[in-house]
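Biologist: I'd like to learn how to read a model like this one. Could you walk me through it, starting with the general idea each time?

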Amino acid sequence: MAAICGAGRLTSGKQNPYQKAFQRLDGDGSQYITSNTFDELSHAEFLNAYLLSKGAEPVDLDGFRTLPSSQASGAQNIGRLTNLMNLTVDTSWFTRYRSTENPDMGATFPQAIDLVNVTAIPRDNTDFGPTTHIQAIANTAAFHFAMIEQGGSTLYSAMAQKTSNLEVLRIVVSIGGDEVAHFLEWVDFAGNGVQPPVAPFTDPTNGLTFPNFNATGNPLLQTNLIFPVPCEFINANLPRCAVIRPTNPKGIAMGVVNFLAGTGLFTGQSPAFFKALNALARAADAAQRGF
C-alpha cells in the first residue's frame, strides 16, 4: 500500500483528485490509508528488530526497490518493490466472506467485479480526470486494499499453527489481529464504491463499470455484510462458525507469493527478486511446530 499512500495519503492543504475520490468513499479515507501504511511499516520494522535481537538475519529487500513510482502530483518518487499500474485484482474475497462455504473445504467463489489489467494509482496527472476515471482508479485501489489485507489475515492465522515458541505465537496472533482490523475497514470502504451515491458509474476512458451491488439482489454482493458470514469450519458436520478463511497452513506462504505474482503486483521485477521471495516462502512453508 505504500505507493498508494504516496498519492492518496493524508496531507495538509488542498487535496488532489485521487485523495478526493477516496473521500467520496469515506470522509476519513486519506487518514485510513495513512494509518494502515504506518501500521504495516511498524510491523516490518518490529519483525526485523526482533530477528536481530535473536541473532537471526533480518529480511532486506531494499535492493529490489527498482520499479518506477507514479508520476502524479503528490506521489513519492522513490523506487518501488511493487507495480500497482497493471493489476488484475482478485475480488473473490467479497463473495467468499458472504458465503456459508469455506475454501479450506474445496469451495470456490466468483469474482464480485472484473478488474483486469487496471491501475490502482494515477500514473501521472492526466489520470486525475475526468472525475469518473479517477473514481474508478480509487475504487480499484479500495478492492485491492481488501485483497491484500484478507491475504494477510489468512497468512497470519495459518502461520500461527506452525509456531513452537510462545513468544513467537504472541507476535503472530497480535500482528494478525491488526491485519484483520485492516481487512474489515477495507471491506466497508470497497463496498462504498459499489452503492449509491458513488455507483453505478462507468469510466469513459476504458469502459470499466462499477455497478450498484445492492441493486442485483444477490446476497453474495450485499455491501453492508462487512463481517464474515458463518461458514463451514473444520468439519461440515459441525455448526457453521464465523471465521477467517482459508487458514489451512499447507503451502500457505508459497501460495501467497504465487497469488500476488499472478495479480501483476510484481510485474517488472527481476529474476533475482523472485528467487529471494520464493526462498523466503519455501522456508516459511518448511517450518514445523515442535514441542
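Modeller: Let's begin with burial: buried means under 20% relative accessible area, exposed means over 50%, and partly exposed is in between, using a 1.4 Å probe and protein chains only. By that cut-off, 45% of the 291 residues of the chain are buried. A word on ground rules: this is a predicted model, where local features need pLDDT of at least 70, side-chain atom pairs count only at pLDDT 80 or more, and totals for chains, interfaces and linings use all residues. Residues are numbered from 1 along each chain as its sequence is written, and side-chain values use heavy atoms, with hydrogens and water left out.

Biologist: How many helices and strands are there in the chain?

Modeller: Helices (H or I, at least four residues) and strands (E, at least two) are DSSP runs, numbered from the N terminus. Here you get 8 helices and 4 strands, in the order α-α-α-β-α-β-α-α-β-β-α-α.

Biologist: What radius of gyration does the chain have, against that of a compact globule?

Modeller: The radius is taken over C-alpha atoms, and the globule rule is 2.2 Å times the number of residues to the power 0.38. For 291 residues that puts a compact globule near 19 Å, and the chain agrees, because its value is 19 Å. The C-alpha trace spans about 60 × 50 × 35 Å along its principal axes.

Biologist: And which share of the contacts comes from residues 24 or more positions apart?

Modeller: Contact means heavy atoms within 4.5 Å. Among contacts in the chain with a separation of 6 or more, 68% are between residues 24 or more positions apart.

Biologist: Where does Arg123 lie, and what does its side chain do?

Modeller: Arg123 sits in the loop between strand S2 (115-118) and helix H5 (131-159). With a relative accessible area of 37%, Arg123 is partly exposed. A polar contact is a pair of N or O atoms within 3.5 Å; within protein, one must be able to donate a hydrogen and the other to accept it, and residues adjacent in sequence count only if both atoms are side-chain atoms. The Arg123 side chain makes one with the side chain of Asp127, at 2.8 Å. Beyond neighbours within four places in sequence, the contacts of Arg123 include Ser70, Gln71 and His133.

Biologist: Now the backbone. Which residues are joined by a cis peptide bond?

Modeller: Most residues other than glycine have a negative phi, and most peptide bonds are trans. Gly129 and Pro130 are joined by a cis bond with omega about -5 degrees, and Pro130 is in the loop between S2 and H5. Another cis bond joins Ala199 and Pro200, with omega about 10 degrees; Pro200 belongs to the loop between helix H6 (166-192) and strand S3 (201-202).

Biologist: Where is phi positive in a residue other than glycine?

Modeller: Asn117 has phi near 50 degrees and lies in strand S2. At 53% relative accessibility, Asn117 counts as exposed. Ile234 has phi near 70 degrees, and its place is the loop between strand S4 (209-210) and H7. Ile234 is exposed too, with a relative accessible area of 67%.
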